[in-house]
Amino acid sequence: RDLHSFPTRRSSDLNIDKNILQTFLSKTTSGFVDRFVVNSGNVVQYAKKHELGFTRDIQVIPNGIILSDPYSKEVFKKKVFDQYGVRLEKVIITTSGRLVAQKGYDILLQAVTGVLTKHPDTILFIMGKGPDEKALKGLAKEYNISGKVVFTGELENVYDVLKSSDMFISSSRFEGMPNVVMEAMGTGLPVVATRVDGNLELVED
């Protein structure tokens, strides 16, 4: 039997010609598929709304995660202190993902400026890399918070920072089923998220 997975893609994040091609291929091949597999109910609605060629035999299988090591927060804070020089008493807000428009880090930097300014013991960690890194660092400088924002680059293990943190923020403009939100929840972190797509299936108001 043939299965077909459907990735969430939108023209705002991809070249419009590629988006059109993907839609065409989905519609063309859908008749040969026994069952479609998607990772969230939101993707099902997106597929139906945009008439991508399938509305039947759709199976939702949410993403899975590996839970973090069962060490204390103090152990991980010490590791972050050793690596980034952040004082142990700092309040750490964290986010993670590719540095691209989809993740909304430009919105996040603007939103947290007041928090970082009014609360000097708070710091923001942004884990990930991408083409928008230079522009985002420029925004942090423009908002006078560059000294309170740590761009870690791509990390092999995000749990060291997550377990050191006090809050996780997802500022995405759209999502399928965001693994990193589930990873943050798996460490027991409170999560603040934009009211979009897969976030709505994970975070309750």
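**Notebook: aromatic pair and helix packing**

I searched for aromatic pairs, taking rings of Phe, Tyr and Trp (its six-membered ring) with centres within 6.5 Å, and the count came to one pair. The ring centres of Y84 and F125 lie 5.3 Å apart with planes at 80°, so I recorded the pair as edge-to-face (planes over 60 degrees apart; under 30 is stacked, the rest tilted).

I note that the model is predicted: local features need pLDDT of at least 70, side-chain atom pairs count only at pLDDT 80 or more, and totals for chains, interfaces and linings use all residues. Residues are numbered from 1 along each chain as its sequence is written, and side-chain values use heavy atoms, without hydrogens and water.

I then located the partners: Y84 belongs to helix α3 (residues 73–84) and F125 to strand β5 (residues 122–127), so the pair ties together parts 41 residues apart in sequence. Helices (H or I, at least four residues) and strands (E, at least two) are DSSP runs, numbered from the N terminus.

I looked up burial next (buried is under 20% relative accessible area, exposed over 50%, partly exposed in between; 1.4 Å probe, protein chains only). F125 is buried at 0%, whereas Y84 is partly exposed at 23%.

I turned to helix α4 (residues 105–118) and helix α5 (residues 133–142), which pack at about 15° with axes 10 Å apart. Axes are lines fitted to C-alpha atoms over the stretch in contact, and angles run from 0 to 180 degrees between N-to-C directions.
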